[in-house]
Structure formats: C-alpha cells, structure tokens
Amino acid sequence: MSMFAVGGLFGGLGSGPVVSALGLRVSFAINNVILIAAALMMALAPSIQLFTAGRFVVGVGSGVTTVRHTRGRANNRERECVCACVCE
C-alpha cells in the first residue's frame, strides 16, 4: 500500500511540467493508457514484486490526476506542499 503513496508523490510533483508542455487533454489521455497498463500489470502479476511495481505506477497516475484540481488555483509551492503532506 505504501508504494501507491510514493507513486502519488512522484506523479503529483512531476506532472506539472508535463501538463504545461503537452496540455491537459493530451497528458490525461497518456495517463489513462498508463493506468490501464498498470491495472493489467497488477491483474496478471506472477510475483509480489511486479504487483508492487503496478501499485507504484497506479500511484503515479493518481498523482497526475491531482493536477486538474489544483491547476490555476495553486502555485507550484502549494502543490508541492499538498503532495508531500507538509504544512508550513
């Protein structure tokens, strides 16, 4: 379960520049493909290591979707604090 949270941290922090470069619609379309691939990876995982890697990838995809809710209302510093669960 913790790999989901770690993936969410990386997805939330790294998705800002990607969304700015590609646009919101394209980046979410790519994110959907990543989430489907991660779901298949977890469903067909023959080992716990591959299942854990799938949880990490799902976390990254989940972190990417948080950009939609914070874009335009928060600057990068506030987004980093939300993703890292750090209160100033």
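Ser62 is placed in helix 3, within a predicted model of a protein chain that has four helices and zero strands. From the N terminus on, the elements follow the order α-α-α-α. The points below begin with the chain and its confidence values, and then turn to individual residues and to a surface patch.

**The chain as a whole**

- The protein chain has 88 residues, of which 27% count as buried.
- Among the contacts in the protein chain with a separation of 6 or more, 68% come from residues 24 or more positions apart.

**Confidence of the prediction**

- The protein chain has a mean pLDDT of 78, and 74% of its residues reach 70 or more.
- Among the elements, helix 2 has the highest mean pLDDT, 89, whereas helix 4 (residues 76-84) has the lowest, 54.
- Where pLDDT is low, the predicted coordinates should not be read in detail.

- Not counting residues up to four places away in sequence, Ser62 touches Phe4 and Leu35.
- Ser62 and Phe10 are 52 residues apart along the chain, and their C-alpha atoms are separated by 9.9 Å.
- Thr65 also has its place in helix 3, and its relative accessibility of 28% makes it partly exposed.
- When neighbours within four places in sequence are left aside, Thr65 is in contact with Phe28 and Asn31.
- From C-alpha to C-alpha, Thr65 and Leu24 are 9.9 Å apart in space, while in sequence they are 41 residues apart.

- Ser15 lies in helix 1.
- The relative accessible area of Ser15 is 3%, so this residue is buried; the cut-off for buried is under 20%.
- A polar atom of the Ser15 side chain lies 2.9 Å from the backbone oxygen of Gly11.
- The backbone oxygen of Gly12 lies 3.4 Å from a polar atom of the side chain of Ser15.

**The loop between helix 2 and helix 3**

- Ala45 is found in the loop between helix 2 and helix 3 (48-70).
- With a relative accessible area of 24%, Ala45 is partly exposed.
- Apart from its neighbours within four places in sequence, Ala45 is in contact with Leu50 and Phe51.

**A nonpolar patch on the surface**

- Val18, Leu22, Val26, Ile30 and Ile34 form a nonpolar patch on the surface, and together they have about 380 Å² of accessible area.
- Helix 1 (2-22) and helix 2 (24-43) are the elements that give two or more residues to this nonpolar patch.
- Helix 2 gives the most to the nonpolar patch, with three residues.
- Val26, one of the patch residues, is found in helix 2.
- Val26 counts as partly exposed because its relative accessibility is 41%; this value also meets the requirement of over 30% for residues in a patch.

Note on methods:
Residues are numbered from 1 along each chain as its sequence is written. This is a predicted model: local features need pLDDT of at least 70, side-chain atom pairs count only at pLDDT 80 or more; totals for chains, interfaces and linings use all residues. Side-chain values use heavy atoms; hydrogens and water are left out. Patches are made of residues with over 30% relative accessible area and no salt bridge: like charges are joined within 9 Å, nonpolar side chains (Val, Leu, Ile, Met, Phe, Trp, Tyr) within 5 Å. Accessible areas come from the Shrake-Rupley method with a 1.4 Å probe; for residues, only the protein chains shown count as cover. A salt bridge is a side-chain nitrogen of Lys or Arg within 4 Å of a carboxyl oxygen of Asp or Glu. Buried means under 20% relative accessible area, exposed over 50%, partly exposed in between (1.4 Å probe, protein chains only). Contact means heavy atoms within 4.5 Å. pLDDT is the predictor's confidence in each residue, from 0 to 100. A polar contact is a pair of N or O atoms within 3.5 Å; within protein, one must be able to donate a hydrogen and the other to accept it, and residues adjacent in sequence count only if both atoms are side-chain atoms.
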